[in-house]
Amino acid sequence: MNFLGKIIAGIIGIGLSAYFLKPEVVYDGQITTILVVGLILGLLLFFIKPILNFVTFPLRIITLNIFSLVIIGFLVWMLTLFFPEEKFDIINWYGYIKVTLIVWISELLFASDI
């Protein structure tokens, strides 16, 4: 269920970000793009985030797990590297921060292992 939860969290997080953050999040307008981007984000959350959580464990302890937002922000930035700018892109740093918060909340609700 954790794998499915991460995939659902990624799809819902990217979908909500694309819907509510239109100036900052640019995509080609197709639902398949949102599904593919969310799927890849879910895979990053499932495979890469535990490794980064292990490596940054002391830092997360010191910051009372707030550093996990930085990890999710890094994964969102990595996500934009997989797609060309006309397919999916986040415009500015405020956009990255907002998308990170939305993905963090969706992961908190659907994957529940933050």
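In this predicted model, the largest pocket holds about 200 Å³ of space. Rolling a probe the size of a water molecule over the atoms shows where such empty space is left. The lining of the largest pocket consists of L69, V70, G73, F74, W77, W93, Y96, I97, T100 and L101. Two elements, α5 (67-81) and α6 (93-110), each give two or more residues to this lining. By class, 8 of the lining residues are nonpolar and 2 are polar, while none is charged.

Helix α6 also takes part in a packing arrangement with α1 (residues 2-20): the axes of the two helices lie 8 Å apart, at an angle of about 145°. The crossing of α1 and α6 is right-handed. On the α1 side, the contact is made by G5, K6, I8, A9, I12, G13, I14, L16 and S17, and on the α6 side by V99, I102, V103, S106, E107 and F110. Sorted by class, the residues of this contact comprise 9 nonpolar, 4 polar and 2 charged.

The table sets the two groups of residues side by side.

| Group | Nonpolar | Polar | Charged |
|---|---|---|---|
| Lining of the largest pocket | 8 residues | 2 residues | no residues |

Side chains of opposite charge can pair when their charged atoms come close. The whole structure contains 4 salt bridges. One of them joins the side chains of K98 and E24, with a distance of 3.2 Å from N to O. K98 belongs to helix α6, whereas E24 lies in the loop between α1 and β1 (25-27); the pair thus links distant parts of the chain, 74 residues apart.

Methods
Residues are numbered from 1 along each chain as its sequence is written. This is a predicted model: local features need pLDDT of at least 70, side-chain atom pairs count only at pLDDT 80 or more; totals for chains, interfaces and linings use all residues. Side-chain values use heavy atoms; hydrogens and water are left out. On a 1 Å grid over the protein atoms alone, a cavity is a set of points where a 1.4 Å probe fits but cannot get out, and a pocket is an open set with protein on both sides within 12 Å along at least five of seven lines; lining residues have an atom within 4 Å of a point. Grid points are joined across faces, edges and corners, and a volume is the space filled by probe spheres set on the points. Helices (H or I, at least four residues) and strands (E, at least two) are DSSP runs, numbered from the N terminus. Ala, Val, Leu, Ile, Met, Phe, Trp, Tyr, Cys and Pro count as nonpolar, Asp, Glu, Lys and Arg as charged, and the others, Gly among them, as polar. Axes are lines fitted to C-alpha atoms, for helices over the stretch in contact, and angles run from 0 to 180 degrees between N-to-C directions. A crossing is left-handed if the near helix is turned anticlockwise from the far one by less than a right angle, and right-handed if clockwise. Contact means heavy atoms within 4.5 Å.
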